[in-house]
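Welcome! Try each task yourself before you read its solution.

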Amino acid sequence: MARCWLLLLTCVVASVASSGHAAVVEHTFSVGNFSIRQLCKPPMVITAVNNQLPGPTIYVHEGDTVVVHVDNNSPYNVTVHWHGIFQRGTQWADGPEMVTQCPIRPGRRYTYRFSTAGQEGTLWWHAHSSLLRATVHGAVVIVPSSGDRPFPFPSPDKEEILLLGEWWNDDVVRLERDAFLTGVPVRPADAYTINGKPGDVFKCSGSNRESEMYKLKVQANSTYLLRIINAAVNTPFFFKVAAHTFTVVAADASYTTPYKTDVIVVSPGQTVDALMVAAATPSRRYYVTVSPYQTSFPPQPFRDTVATAVVEYADGGGSAGNTSPAPPRRRPVRAPTPKVHDVGTAHRFLSNLTALLRPGQPTVPLAVDTRMFVAFGLGLADCRPGQTKCRRSHAPALAGSMNNASFELPAAVPLLTAHSENISGVYTRDFPDAPPVPFDFARPPGRLAFTSKSTKVRTLRYNATVEVVLQNTALVARESHPIHLHGFNFFVLAQGFGNFEEGEGAKQYNLVNPQERNTVAVPAGGWAVIRFVANNPGMWIMHCHFDAHLPIGLAMGLRFRTDQLQIVPCHHHQGTCLTADSLIEIFSFF
Ligand code: C2O
């Protein structure tokens, strides 16, 4: 371990600014206790970065190098993931616990260092250990590198980051521990939030409800670039602003053909950049609403409330020279929110986005080298020895699976360490390219509902073009899962409902300008086809971005042959993690 820290230090000290005028942007993140008041409750202690919710924004120019020193001053193990950053050659900085690194133990520091070359737009960072992501998250904004290459859309007058989240009046690490012990998922959140604030719709008295509401101050007729991030743990959202419309210009930090809409749909992990012109009557105020999009069937419990923020126009109270006292504040104008089960609205938005074609930018490769069919969803598994309450109830635990394998993080050696140091017994290389038997995936009851735990990875050839049919199942319930791939963007060729049919499905492929994303919300009881070039050596995971589903196994690993691993050897001598197993340690903390 000492060797590990020494090496780490050497790496940091030896770091130099990357080529040209690119800057090095350095931050220190202190993860620690933060006391906050929400929903008229007494102050509560949460885990957050630098006493902020959301945490600090990383704002850089394309090509800059980011260095973040994470000091873990919290009582929990933690890691930080830079969601959507490719981490070419810096995989040790990707962040998922037990995939690319050991957890950062309380009292310890880990330094992440990576480049933003070739990426522009809105991404984000979040804890990638336990449910800490609920409060340990923030924005990553990468703007074009210089004025001679501006945005590929009319320059906005101002930008506004809107992080959408979920809030529990509870210790989220304790909630996750209970979920593990019982084998039953974490209960729904107590509120949704916009930049950490729930808004004024909660019926709690005796407090200033306006202060619990985020304010977006605008100038009449100015154009705003809204950078919308779904940092929620388990809930896809509809986003609306009364009396205003949007032009979507990017999703997951990939530019899109300008798309006009009055509602934005964003699933956990995803981001949307949209232009909004402040063209409404300036004397009124307008609600921003964030409401849940719920797809599970049979219906699962969820929080049926709305988070609100408010758009206020400068000088909205009256024109200059008007000396009469300000009238009592009227309630903001509110637009109806889509119905919670409004699949039509969600599917229209999610499937209509296309990539903005730009000279010199790669587009979808036409020849495919490797095809996979991944049937995934929620099923059941035997309770494991540590799941004491689950064992007592004699009911099986809920388990996520891909091709009937329920992914378990290694207990002692991170996947990447095992991969680069040839340590055997940590994972197996037999992740199958298809489910063990075909069945009617889209309709319950599905076959293969029962699964078991394993750590299977699929080896990919460097530079292969990989096409994956992501087929959502309905084993015990069906639901739209946001599937996220680390280390890559992928093209979404098509998406649809029911079972994917080879011939019919392929007819729907967009091979001209398919949208590029890092997270796709696969329709409930449906499918999506993605394609990507496997040109980023390392060990990556693909998983459901509902935080409730990752620890129960809705994931798989992707690996490159060792001889093709060209990773800067910084940070990598971690060997066995000091805490034999991160999860167990968190769970036995209480
Ligand atoms: Cu944003 Cu592995 O996730």
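**Exercise 1. A salt bridge between loops**

Which kind of link do the side chains of D369 and R461 form, and what is the N to O distance? Bear in mind that this is a predicted model.

*Solution.* Step one: look at the two side chains, where D369 and R461 meet in a salt bridge with an N to O distance of 3.9 Å. D369 is in the loop between helix 3 (343-352) and strand 20 (370-381), while R461 is in the loop between strand 24 and strand 25 (465-472), and the two are 92 residues apart. Step three: check the surroundings. Buried means under 20% relative accessible area and exposed means over 50%. D369, at 45%, is therefore partly exposed, and R461, at 43%, is partly exposed too.

**Exercise 2. One more pair, and a network**

How many salt bridges does the structure hold, and which residue meets R227 in one of them?

*Solution.* The structure holds 19 salt bridges. R227 meets E159 in a salt bridge of 2.8 Å, N to O. This pair links distant parts of the chain, with R227 in strand 12 (residues 223-230) and E159 in strand 9 (residues 158-167), 68 residues apart. R227 has 0% relative accessibility and counts as buried, whereas E159 is partly exposed at 24%. To finish, look for a group of linked residues: D170, R187, D190 and R303 are joined in a network of salt bridges.

**Exercise 3. Helix 2**

Work out why helix 2 (residues 172-182) can be called largely enclosed by the rest of the structure.

*Solution.* First, list the buried residues of helix 2: V172, V173, L175, E176, R177, A179, F180 and L181. Second, draw the conclusion: eight of the eleven residues are buried, so helix 2 is largely enclosed by the rest of the structure. Third, inspect both ends. At the start, a side-chain oxygen of D171 reaches to within 2.9 Å of the backbone nitrogen of V173. Just after the helix, G183 takes a positive phi of about 75°.

**Exercise 4. A covered strand**

Which strands pair with strand 4, and in which sense?

*Solution.* Take the partners one at a time. Strand 1 (residues 24-36) pairs with strand 4 in the parallel sense over eight bridges, and N72 in strand 4 is the bridge partner of V31. Strand 6 (residues 109-115) pairs with strand 4 in the antiparallel sense over seven bridges; there, Y112 is the bridge partner of V68. Now turn to the two faces of strand 4. T65, V67, H69 and D71 on one side are buried, and so are V66, V68, V70 and N72 on the other.

**Exercise 5. An open sheet**

What is the strand order of the open sheet of five strands?

*Solution.* Reading across, the order is 24-32-31-26-29, with mixed pairing. The edges are strand 24 (457-460) and strand 29 (519-522), each pairing on one side only. Neighbouring strands of this sheet are turned by 20° against each other on average, direction ignored. Inside the sheet, strand 26 (residues 481-485) and strand 31 (residues 539-544) pair in the antiparallel sense over three bridges. I483 stands opposite C544 in strand 31, and C544 counts as buried at 1% relative accessibility.

**Exercise 6. The disulfide**

Which cysteines form a disulfide, and how far apart are their sulfur atoms?

*Solution.* The partners are C383 and C390, with sulfur atoms 1.7 Å apart. Their link is left-handed, with -55° about the S-S bond. For burial, C383 is at 13% relative accessibility and counts as buried; C390, at 0%, is also buried.

Key
Residues numbered from 1 in each chain as written. Predicted model: local features only at pLDDT ≥ 70, side-chain atom pairs only at ≥ 80, totals over all residues. Heavy atoms only, no water. Buried < 20%, exposed > 50% of the residue type's maximum accessible area, 1.4 Å probe, protein only. Helix = DSSP H or I, 4+ residues; strand = E, 2+ residues; numbered from the N terminus. Polar contact = N/O pair within 3.5 Å; in protein donor to acceptor, adjacent residues only side chain to side chain. Pairing = 2+ DSSP bridges. Axes fitted to C-alpha atoms, helices over the stretch in contact; angles between N-to-C directions. Disulfide = S-S within 2.5 Å. Salt bridge = Lys/Arg side-chain N within 4 Å of Asp/Glu carboxyl O.
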